[in-house]
Amino acid sequence: MRRGAVRSHYLDWLAQALEVGRRTEPLPDGDAVVGYATGYDAADIAPFVLSLRAVFDGPVALVVDADPDLRAFLAQNDVTAVDAPVWRGWAPHPVMQRFVAFAGLLGDRPGAGLACDVRDVIFQAAPFSPAPHGLEAFIEAETPLADHGFNMKYLRALFGEAQAAQLGDKPCLCVGTVLGPRAEVARLSRLILSLAATPRSEIGGAFGADQAAFNMAIHQGLTAAILRPNYGRAATLGLTPGEALGFRDGQVVNPDGTISPIVHQHDRHPHLDTAVHDRWGGGLEHRKRVRPKSAGQKLAKLTASLRRRTPELR
């Protein structure tokens, strides 16, 4: 190894990723929705697709596996199916890989973009109305980051104890729904990828690194963003008590009685999960959020955990 060189799986992958992003053909101009849905089939993503197409007729692209039935379902609903990249060697968790696709598909094009989760998101009104005036980051809980063990774990891992503590009093922002001008969402996606290069590769490429890098980018002012309260344009429900949420006239109802255009994490609440599937499942199988893991998957999770605790030459 040359003197001064840095050995990191994540940095090697990032060089590939940025090149893939540059080669990606952006969606047509105008408002667009993008998501990353590898590992899912039509039954998993039907609520997302069918509810979105009920309120939005613009470009939609999902990165998916080469499943013929899934791709036929997407074609029937005018959703562009995008092949997942094939990486050379090590690759991070899909929650990090997705930002390569988000940046490339949105590009530096006119219009607004929504980059979001897929399996646990539905739509109840036009997501881009009113039109955003800048990048919007959505608060997922009233309590500060310091009260969220998962977020603090990865903030400490990526940026150290001191920087994590500096953000402890800030609101917890959710990376699962990000909306704004397409160029700004694409720029934020590249920033998240770069911020995750700070630690060892097994941390920067882990599930949870995306959330930490997103909160760091916004709260440290590395990109300009408007903080939006929960239950506005987007409702993030994972930390909301289930008894505070209702389902009326085919829609999820917020604790204050309002209806949000974008609903995230509805499946954390069984009464909403069932009702949403009945409304938007398209007659397909109702999939449970948690599925049994195979022995191979359990071993892979253990291996990843051990690697995160092993020193890496940097």
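**A loop residue, then a helix pair**

Author: Happy to! Let's start at Ala244, which lies in the loop between strand E9 (234-236) and strand E10 (246-248); helices (H or I, at least four residues) and strands (E, at least two) are DSSP runs, numbered from the N terminus. A word on the basis: this is a predicted model, in which local features need pLDDT of at least 70 and side-chain atom pairs count only at pLDDT 80 or more, while totals for chains, interfaces and linings use all residues. Residues are numbered from 1 along each chain as its sequence is written, and side-chain values use heavy atoms, with hydrogens and water left out.

With a relative accessible area of 31%, Ala244 is partly exposed (buried is under 20%, exposed over 50%, partly exposed in between, with a 1.4 Å probe and protein chains only). Leaving aside residues up to four places away in sequence, Ala244 touches Val253, Asn254 and Pro255, where contact means heavy atoms within 4.5 Å.

Now to the helices. H6 covers residues 182-195, and its 14 residues reach 20 Å from the first C-alpha to the last, close to the 20 Å expected at 1.5 Å a residue (1.5 Å times one less than the number of residues). Among the buried residues of H6 are Val185, Ala186, Ser189, Ile192 and Leu193.

H6 packs with helix H4 (residues 94-106) at about 150 degrees, the axes being 8 Å apart; axes are lines fitted to C-alpha atoms over the stretch in contact, and angles run from 0 to 180 degrees between N-to-C directions. The two helices are therefore roughly antiparallel, a term for angles over 145 degrees. On the H4 side, the contact includes Met96, Phe99 and Leu106, and on the H6 side it includes Arg182, Ser189 and Arg190. By class, this contact has 11 nonpolar, one polar and two charged residues (Ala, Val, Leu, Ile, Met, Phe, Trp, Tyr, Cys and Pro are nonpolar, Asp, Glu, Lys and Arg charged, the others polar).

Gly111 sits in the loop between H4 and strand E4 (112-116) and is partly exposed at 33%. This glycine touches Arg182 and Pro181, as well as Gly30 and Asp31, not counting residues up to four places away in sequence. Gly111 and Gly180 are 69 residues apart along the chain, yet their C-alpha atoms are separated by 8.6 Å.

Lastly, His264 in strand E12 (residues 262-264) is buried, at 1%. Among the residues that His264 touches are Asp117, Asp120, Cys174 and Thr236.

Terms used
Angles under 35 degrees count as roughly parallel, over 145 as roughly antiparallel, 65 to 115 as roughly perpendicular and the rest as oblique.
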